[in-house]
Amino acid sequence: MQQQKIIAIMGPTASGKTAAALAIAREVPAEIISVDSALVYRDMNIGTAKPNTEELAAAPHHLIDIIDPSEAYSVAQFLTDSARLIKEIRARGKLPILVGGTMMYYKALMNGIDDLPPADAAIRAQLDADMAKIGAAGLHVRLTDIDPVTAARLQPNDSQRIQRALEIYQLTGQAMSTLIAQQTRAAAPFELLPISLEPSDRSFLHERIAKRFDVMLEQGFIDEVRQLKLRPELNADLPSIRCVGYRQAWDYLDGSIDYQEMRERGIIATRQLAKRQLTWCRSIPERVIVDCIKDNVSDQVLQQARVLID
């Protein structure tokens, strides 16, 4: 039996993924599944560059505004939700289009996820206390001693993943890399057809990122974060507030940095995100590349999509 074909439009932030997806949806009966770990949060619209009302009305969108910023959304939840949506969209006789730049979601779709133990609140609390004492770099040194394979692929400042690897070791007595190596994964029930929007000139994308961040500021991004900050259950350590731009705006509202530094840090963080996204994309040899700084990008994506799904 031939696998179902699913178009995936990936690429760095500000590369034009939403417009490209809508170009396909105008020509082919389709529904869009967001592959973006920031768009899941309600009340976080400006800083996440959430599709506007007109874009949302142009085609059905899924996995947008589905949880509160106080909640967390895991890769496993994404896999469950996207698998259900793909099946439902197919049943309606439409083409599912995966769109977004959260590359760990794509990786999970293509390769599956590791069967690792769930989080433990007590261990997390202890690791948080250790983080306050010795910092992420200190925890990274600790991880190097017990799981050098995982430590080698993590940056010393990647506190979230370092803590997770240490937590797994404390729960199981085994290195995370050992547990992962022992697992087998089932193949996806569909064929993912990746179209990657990538810049031939990185500086052009950097300029676009800076302009978009300034537009967000003009649209009231700081006020958006201010409203979030009024909620006592939200804090700077939550996944939602760690989203690019939000953490910098939060620090500005805390008074720890001034407006100009907030802007500069926000733009730098977004550029760093784009760099990581491009690195992920380039690790997928079967992707079809469309230069996102050329004219008529959406038309090129539509043409490539037609070739792939025929």
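Predicted model: local features only at pLDDT ≥ 70, side-chain atom pairs only at ≥ 80, totals over all residues.
1. The Arg287 side chain comes to 3.1 Å from the backbone oxygen of Ile284, and to 3.2 Å from the backbone oxygen of Cys281. Arg287 sits in the loop that links helix H12 (259-282) to strand S6 (288-291).

2. Is Arg287 buried or exposed? Its relative accessible area is 15%, so Arg287 goes down as buried, the cut-off being under 20%. Setting aside residues up to four places away in sequence, Arg287 touches Pro194, Ser196, Glu198, Cys281 and Arg282.

3. Now the sheet. It is an open one, built from 6 strands with parallel pairing, and the order reads S3-S2-S4-S1-S5-S6. At the edges you'll find strand S3 (61-62) and S6, each of which pairs on one side only. Between strand S5 (residues 190-198) and S6 there are 4 bridges, in the parallel sense.

4. Helix H4 (residues 103-111) packs on it and touches S1, strand S4 (95-99) and S5, with a direction about 160 degrees from that of S1. Helix H13 (residues 297-309) lies across S1, S4, S5 and S6, and runs at about 160 degrees to S5.

5. On to the annotated stretch. In the unreviewed UniProt entry, "binding site" covers Gly11, Pro12, Thr13, Ala14, Ser15, Gly16, Lys17 and Thr18. Pro12 is in the loop between strand S1 (4-10) and helix H1 (17-27), and Ala14 is in the loop between S1 and H1 too.

6. How accessible are these two? Pro12 is at 0% relative accessibility and therefore counts as buried. Ala14 has a relative accessible area of 9%, so it is buried as well. Leaving out neighbours within four places in sequence, Pro12 contacts Lys17, Leu197, Pro199, Leu205, Ala274, Gln277 and Leu278.

7. Lys50 deserves a point of its own. You'll find Lys50 in the loop between strand S2 (30-34) and helix H2 (53-58). Why does Lys50 count as buried? Because its relative accessibility is 12%, and buried means under 20%. A polar atom of the Lys50 side chain lies 2.6 Å from the backbone oxygen of Tyr41, and one lies 3.1 Å from the backbone oxygen of Met44. Not counting residues up to four places away in sequence, Lys50 touches Leu39, Tyr41, Arg42, Met44, Asn45, Ile64 and Asp65.

8. The largest nonpolar core holds 47 residues, and Leu98, Tyr106 and Phe221 have the most contacts inside it. Among the elements giving two or more residues to this core are S1, helix H3 (75-91), H4, S5 and helix H9 (202-218). Beyond neighbours up to four places away in sequence, Leu98 touches Ile6, Ile7, Ala8, Ile9, Ile33, Val35, Tyr106, Leu109 and Leu192.

Notes:
Residues numbered from 1 in each chain as written. Heavy atoms only, no water. UniProt positions renumbered as here; feature names shortened; annotations may be inferred. Buried < 20%, exposed > 50% of the residue type's maximum accessible area, 1.4 Å probe, protein only. Contact = heavy atoms within 4.5 Å. Polar contact = N/O pair within 3.5 Å; in protein donor to acceptor, adjacent residues only side chain to side chain. Pairing = 2+ DSSP bridges. Axes fitted to C-alpha atoms, helices over the stretch in contact; angles between N-to-C directions. Core = buried A, V, L, I, M, F, W, Y, C linked by side-chain atoms within 4.5 Å.
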